[in-house]
Amino acid sequence: MRRFDLATIDPAGQQLREGGVLAYPTEAVFGLGCDPRNEAALARIFELKHRPAGMGVLLIASDFAQVEPYIDLEAVPLPMLDEAWSTWPGPCTWVFPRAAAAPDWIAGAHAGIAVRVTAHEPVVVLCRAFGGALVSTSANVHGQPPARSVNDLEQAFGAGLDGILDAPLGSLDRPTSIRDVLTGAIIRP
């Protein structure tokens, strides 16, 4: 398993483009990520987590343009779109109607797709090095607490990961909130 830091981020982006699975720090916990267009890489994440694929994952991005191809903007009322945009970049995840071209394996059994435009520098830099949005799911075996350190990652996944971006977590004490962009309903506080 390879370790990256913010000074060696370009090879991490390359590893993701080649189908790699990386752990990286988010606003509160470490996440597992891969290219959302790579079904085999996402299958590896579900295998590592012992998580059913029907649960789906969210996408994280450094800017809205990176998630836009995955969502159906036409189906979102403008006031709700404005509300979502007012929270970004930042630690708020929104469930959007998904575009017809969004791969089923990202959303799982869900009709929508969860996306976040983050302000957390390590993720912003990683998304830019990769060249797009990344899969983001908490780095944990299903049902266990998410990893909050590189040591936690190594204990949970060992050599199953292709790499780790060793950089600081954000300041949140729990994963980001999730809201529905069509209704404004809070799915996860």
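## Helix α7 and its buried face

In helix α7, which spans residues 150-157, Val150, Leu153 and Phe157 are buried (under 20% relative accessible area with a 1.4 Å probe, protein chains only; over 50% is exposed, and in between is partly exposed). Looking down the axis of α7, you will find these buried residues within an arc of 55°, so they line one face of the helix; the arc is taken from the directions from the helix axis to the C-beta atoms. Helices here are DSSP runs of H or I with at least four residues, strands are runs of E with at least two, and both are numbered from the N terminus.

The buried residues of α7 pack against β1 (2-4), β2 (22-25), β3, α2 (39-49) and β8 (163-165), where contact means heavy atoms within 4.5 Å. Gly158 follows α7 and has a positive phi, near 50°.

## About the model

This is a predicted model, in which local features need pLDDT of at least 70, side-chain atom pairs count only at pLDDT 80 or more, and totals for chains, interfaces and linings use all residues. Residues are numbered from 1 along each chain as its sequence is written, and side-chain values use heavy atoms, leaving out hydrogens and water.

## Aromatic pairs

The structure holds three aromatic pairs (rings of Phe, Tyr and Trp, the last by its six-membered ring, with centres within 6.5 Å; planes under 30 degrees apart are stacked, over 60 edge-to-face, and the rest tilted). One of them joins Phe64 and Trp85: the ring centres are 5.4 Å apart and the planes at 90°, so the pair is edge-to-face. Phe64 sits in helix α3 (residues 64-67) and Trp85 in helix α4 (residues 78-86), so this pair ties together parts that are 21 residues apart in sequence. Phe64 is buried, at 15% relative accessible area, whereas Trp85 is partly exposed at 36%.

Trp88 and Phe96 make a stacked pair, 6.0 Å centre to centre with 25° between the planes. Both Trp88 and Phe96 are buried. Phe64, Trp85, Trp88 and Phe96 form one aromatic cluster.

## The largest pocket

The largest pocket has a volume of about 780 Å³. Of its 37 lining residues, Arg51, Leu58, Ala114, Ile178 and Arg188 are the closest to its centre. On a 1 Å grid over the protein atoms alone, a pocket is an open set of points with protein on both sides within 12 Å along at least five of seven lines, and lining residues have an atom within 4 Å of a point. Points are joined across faces, edges and corners, and the volume is the space filled by probe spheres set on them.

Strand β6 gives the most to this lining, with four residues.

Key: On a 1 Å grid over the protein atoms alone, a cavity is a set of points where a 1.4 Å probe fits but cannot get out, and a pocket is an open set with protein on both sides within 12 Å along at least five of seven lines; lining residues have an atom within 4 Å of a point.
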